[in-house]
Amino acid sequence: MGVALTLAERTRGRTAPNPNVGCVIVHDGRMVGRGWTQSGGRPHAEAAALAQAGERARGATAYVTLEPCAHVSTRGPACSDLLVASGVARVVIALTDPDPRTNGQGIARLRAAGIDVVCDVRADDAARSMAGFLKRRALGRPFVTLKLALSLDGAVSRADGQSQWITGPQARAHGHLERSRHEAILVGRGTAEIDRPALNVRLPGLAERSPQRVVLSADSAALDGFAMLSSIDALASLSGDHVLVEGGAATAAAFLRADVVDRLLLYRAPILIGHGRTLPDIGLPDLAQAHGRWRLYDARMLGSDRLEVYERVRIGR
């Protein structure tokens with residue numbers, strides 16, 4: 001399942017409205033097929049893995065990060081039917097599909113065909129991998145990641161607004177990798193007009209995965225090369241399932257104040273700025289309510305900088 005989850009990450013941010021799924025076929029302890037949902041949503045991961053496995057799929061075990069679909073589409077057959085026809089003996093599933101066209105029906109179809117089905121294997125990891133797909137299904141909006149580069153004393157820039165560069169080259173390269181995993185990248189109008197950021201992916205081989213540039217502004221006047229978002233309440237209108245918010249400080253604070261940030265990327269540099277700019281008011285009523293909102297689930301060093309990744313703790317949504 002770990003391999004399937006890794007494969008699923010290859011097209012995160014490129015499969016909407018379909019989820020990014022990974023699949024591995026194992027026969028007699030050997031991997032005979034692997035696949036992941038392709039850009040644009042087709043072919044599905046199971047179809048790709050079964051095509052690679054061929055006859056070796058018979059009697060094998062399929063590991064898939066999401067319940068195989070049960071509905072027939074004009075773009076391809078149902079994956080649960082493909083698995084039945086392939087003769088696999090066992091299917092291990094990480095997460096049940098919330099799409100009402102499948103939601104348990106894929107599992108039922110496999111079991112009705114005599115296939116052994118095991119569910120909820122690394123379900124939390126699969127939910128994190130497909131967070132964009134799941135967020136869109138649950139709340140009708142994309143999954144929002146906020147990126148912040150900070151000094152040790154919490155500044156996002158010097159007092160005069162200079163912020164290039166707080167972090168080093170390794171952290172900036174990681175930021176470009178993150179851009180490649182999102183359909184849209186958003187900044188405030190001030191940042192767009194003053195800095196004119198490219199907001200593209202400048203990593204070898206990934207330039208074509210640059211996200212759509214979006215500017216948050218109540219001013220309807222268009223900016224060349226940017227899509228316009230009139231307010232945070234209009235988030236659902238953005239295409240795709242993943243949005244990366246990169247700046248500036250006022251825009252970051254606005255997203256936090258609206259409580260629509262699902263994931264935080266904090267790049268912390270070993271520098272002190274002193275009298276620098278920090279985030280404006282984020283609408284916190286008192287200090288007690290600041291606790292318990294964020295959970296650290298990843299941390300690593302990127303050169304001399306430290307990356308900390310937090311997820312928003314939400315109850316019931």
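Arg-213 lies over the face of Phe-226, at 4.1 Å from the ring centre; a charge is taken to sit over a ring if NZ of Lys or CZ of Arg is within 6 Å of the ring centre and within 35 degrees of the ring normal. The model is predicted, with local features requiring pLDDT of at least 70 and side-chain atom pairs counted only at pLDDT 80 or more, whereas totals for chains, interfaces and linings use all residues. Residues are numbered from 1 along each chain as its sequence is written, and side-chain values use heavy atoms, with hydrogens and water left out.

The charged end of Arg-10 is placed over the ring of Trp-36, 4.4 Å from its centre. Aromatic pairs (rings of Phe, Tyr and Trp, the last by its six-membered ring, with centres within 6.5 Å; planes under 30 degrees apart stacked, over 60 edge-to-face, the rest tilted) number zero in a search of the whole structure.

Helix α6 spans residues 131-139; helices (H or I, at least four residues) and strands (E, at least two) are DSSP runs, numbered from the N terminus. Ala-131, Gly-132, Phe-133, Lys-135 and Arg-136 of this helix are buried, that is, under 20% relative accessible area, against over 50% for exposed and in between for partly exposed (1.4 Å probe, protein chains only). Their cover includes α5 (123-129), β6 (143-150) and β10 (242-247). Gly-140, with a positive phi near 75°, follows α6.

Thr-61 belongs to strand β3 (residues 61-64) and is buried, at a relative accessible area of 13%. Beyond neighbours within four places in sequence, Thr-61 is in contact (heavy atoms within 4.5 Å) with Val-24, Ile-25, Val-26, Arg-90 and Val-92.
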